[in-house]
Amino acid sequence: MTPSIELLLVDDHTLFRRGLKALLEQDERFTVTAEAGDVGEALRCLQRRPPQVILLDNHLPGVRGVDAIPALKEAAPGARVLMLTVSENENDLAAALQAGADGYLLKTVESDQLCETIIKVMDGESVISPEMMTKLVAVFRSRPSVANAAPPAAAPVSAPVPLEAPREAASGADLLSPREREILLLIARGDSNKLIARELDIAETTVKIHVQHILRKLGLSSRVQAAVFATSQGLA
């Protein structure tokens, strides 16, 4: 039997945490190993037992979730961070991605979509709510630097590191092969590697290799950045 994915829930609303825990643990793929109501408590949980995925709210007492991401990643380098928040603010979204979040979901997400997103994040994909993609594109157009990689894990909680724009991204689409451009469009559509493989009738491992080549050629570091690039350049 495949071991379940261990989760840490970080949210200051106790009833929401308990409800989320009960919901997730109905799925045998997940185990909630700890809960925290603020960043300090979350860091103590990480010292005791680092999880595989941290579900992180933004509106926390003391330190906002987006500002805490570098410290959480430093305390648990192997953990993935998935924002789960009510904030539809594009600046919060940009700050979360800049700080190294592996995904950004709104709390209006359906339960089955949340579960599948956790699986995708564990598989190394970056996922954001469809409702936020338009806002992300707008931020990307006005401040391209937010689409770059996350700052080093050692960055202090209160001081996100300024980012530089990807040097190759502006003209990188010309470097892509026809197949890579095709896969880039499907990434922008939100398709997973499995769906892309099915759509193009190729192996999923082949898709993964193409995605790696796309990110390298565009000077990007995640599927979200690739999707934003394709949309902002009018490719999707």
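In what order do the strands of the open sheet stand, and is the pairing parallel or antiparallel?

Guide: This is a predicted model, in which local features need pLDDT of at least 70, side-chain atom pairs count only at pLDDT 80 or more, and totals for chains, interfaces and linings use all residues. Residues are numbered from 1 along each chain as its sequence is written, and side-chain values use heavy atoms, with hydrogens and water left out.

The open sheet has 6 strands in the order E2-E1-E3-E4-E5-E6, and their pairing is parallel. Strands (E, at least two residues) and helices (H or I, at least four) are DSSP runs numbered from the N terminus, and two strands pair if DSSP finds at least two bridges between them. Strand E2 (30–36) and strand E6 (127–128) are at the edges with a single partner strand each, so one side of each has no neighbour in the sheet.

Helix H1 (residues 14–24) packs on the sheet and touches strand E1 (5–10), E2, E3 and E4; contact means heavy atoms within 4.5 Å. The direction of H1 makes about 170° with that of E2. Such angles run from 0 to 180 degrees between N-to-C directions, with axes as lines fitted to C-alpha atoms, for helices over the stretch in contact. Helix H4 (residues 90–99) lies across E4, strand E5 (103–106) and E6, at about 150° to E5.

Between strand E3 (residues 53–56) and strand E4 (residues 80–85) there are 4 bridges, and Val53 stands opposite Arg80 in E4.

Phe16 has the charged end of Lys107 over its ring, 4.1 Å from the centre; this requires NZ of Lys or CZ of Arg within 6 Å of the ring centre and within 35 degrees of the ring normal.
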